[in-house]
Amino acid sequence: MGNLYYYPEFDVIRDKDKCTTCRVCEKQCAFGVHFYDENKKIMMEDATKCVNCNRCVVFCPTKAIKIVKNEMSIRENANWGLNLVTEVYKQAETGGVLLSSMGNPNKNPSYFDRILINASQVTNPPIDPLREPMETKVFLGKKSEDIVRDKDGNLIPNMDPQLELSMPLMFSAMSYGSISLNAHKALAQASRELGILYNTGEGGLHESLYEYKDNTIVQVASGRFGVHKDYLEAGVAIEIKMGQGAKPGIGGHLPGTKMIGDVSKTRMVPEGTDAISPAPHHDIYSIEDLRQLVDSLKEVTEYKKPIIVKVAAVHNIAAIASGIARSGADIIVIDGYRGGTGAAPTRIRDNVGIPIELALAAVDQRLRDEGIRNNVSLVVGGSIRSSADVVKAVALGADCCYIGTAALLALGCHLCRACHTGKCNWGIATQNPELTKRLNPTVGKERLVNLLTAWNQEIKEIMGGMGINSIEALRGNRLMLRGIGMNEKELEILGIKHAGE
Ligand code: SF4
Ligand code: SF4
């Protein structure tokens, strides 16, 4: 029956006086919005297809195009907002589950925005990061409880394997398939230059990226796509993905249309076949089962690599993390409900999981209470948007943060939320060769390096203002935080006082 019930979400406004009919917009838009009308000799548009990625706006040489929100499309009310009405129409039309990309866009509270950071004033003076040393280096992995010496008093090295990072930041898991090889290359190259790590995600590792071994985390997810001995050896750590913040309780899905060429070879999945990773790992139904997988991965890599377990932030996350810490894992990743995704069912993305701030504070406290905090490092992700979010996360108990969406923004993403279509006009979330070549990995690398260099400097400045000169001294230092506009329960879970106290 087609789209009879709703107007397009966006209007494409073209200034006819400025338009020279150069047809650049037509070439730039993979969604087929712009076309040339041979009879009228003018450019026309089909706004129903526009996702507002801004590619044509940026590349129009005369700046003749503007994309605006179509405010007049549906009569909303306080209960039935535009999105809900449109989604009902869409489902009535297709009978299908709604799919979305990127993170939860709803107006749920951001706790990071309601946490304020302390600064030193008269006593315990601030530190000037330009003149005094500031340490943002972090080591991830199990920390030894005691120092062991031989009979001559020499230290016996008894440290479990550690990951060394120049700053408390890493690039989170984004699979080859969900993003392009050029995007992966940019992440890998930036990681090497910055002295941090990027993560393969669940799609295996393209052979051209094996050279970035020292800056790679390889992921093992429930589908085991692209997992073999060489792959497990191709990184400095192995991450077992049990869950993801954007879609807790849900597996992964790469549509067959994206399963082409090298993606299919790397994943070890036939071309054109959907790659569906199941929601559970079919060999893990308990912490004991998880321990077996952790042990197997350690054994196959000769106990030289830390094992990471990634879970989504859900209601009983503190108890889950306590179990994982006892499973032999070296690092726990907690991914909050605002985390990005290449494709997720909309209802799951927007309604399942909990904010990362609450999950992190609860986990850190639980592990401290149980005396096992040093058994694991904590990494958090799920909408870390700025250096201030990083400082707040570390003060709440994180050792390090994963960033995904911010990294894609640095690469040129315009948050159009169309990743699941495979038509990303910015060459990031696509495998179309015409589109992937739009992202130059060297330029992308430079932009990622710039972003994280700036964040690292800002972290030093904020810490200096607090009178703190190392991440180690900031970690779990909740006295440095105050809440604003929160209730008693929220403050209690976060373990912080209200501003003014
Ligand atoms: S989808 Fe992007 S490139 Fe196409 S018309 Fe809309 S804003 Fe322009
Ligand atoms: S990665 Fe591409 S498709 Fe996805 S939100 Fe960003 S610009 Fe849009």
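**Group meeting: a walk through our predicted protein**

Okay, so the protein has 16 helices and 21 strands, where helices (H or I, at least four residues) and strands (E, at least two) are DSSP runs, numbered from the N terminus. Its radius of gyration, taken over C-alpha atoms, is 24 Å, close to the 23 Å that the globule rule gives for 501 residues, so the protein is as compact as a globular protein of that length. That rule, by the way, is 2.2 Å times the number of residues to the power 0.38.

Quick housekeeping. This is a predicted model, so local features need pLDDT of at least 70 and side-chain atom pairs count only at pLDDT 80 or more, while totals for chains, interfaces and linings use all residues. Residues are numbered from 1 along each chain as its sequence is written, and chains are lettered from A and ligands numbered from 1 in the order in which they are written.

How much of the protein is buried? Buried residues are 47% of the 501; buried means that 20 or more other C-beta atoms, placed from the backbone, lie within 10 Å of the residue's own.

Now the domains, with bounds from an automatic or database domain assignment. Domain 1 is 10–96, and domain 2 is 138–144 + 166–473. Their C-alpha centres lie 33 Å apart. Where they touch, nine residues of domain 1 are in contact with eight of domain 2, contact being C-beta atoms, placed from the backbone, within 7 Å.

On to the sheet. Eight strands make an open sheet with parallel pairing, in the order β9-β19-β18-β16-β15-β12-β11-β10. To count as paired, two strands need at least two DSSP bridges between them. Which strands sit at the edges? They're β9 (169–171) and β10 (198–199), and each pairs on one side only. Take β9: three bridges join this strand to β19 (residues 400–403), and the two run parallel. Phe171, for one, has Ile403 in β19 as its bridge partner.

Last, the ligands. A residue is near a ligand if its C-beta atom, placed from the backbone, lies within 6 Å of it. Which residues come nearest to ligand 1? Of the 14 around ligand 1, they're Cys29, Val33, Cys50, Cys53 and Cys56. Around ligand 2 there are 15 residues, and the closest are Cys413, Cys416, Cys419, Cys424 and Ala429. By class, the ligand 1 shell has nine nonpolar, four polar and one charged, and the ligand 2 shell has 12 nonpolar, two polar and one charged. Nonpolar here is Ala, Val, Leu, Ile, Met, Phe, Trp, Tyr, Cys and Pro, charged is Asp, Glu, Lys and Arg, and the others, Gly among them, are polar.

How values were computed: Buried ≥ 20, exposed ≤ 12 C-beta atoms within 10 Å, placed from the backbone. Contact = placed C-beta atoms within 7 Å.
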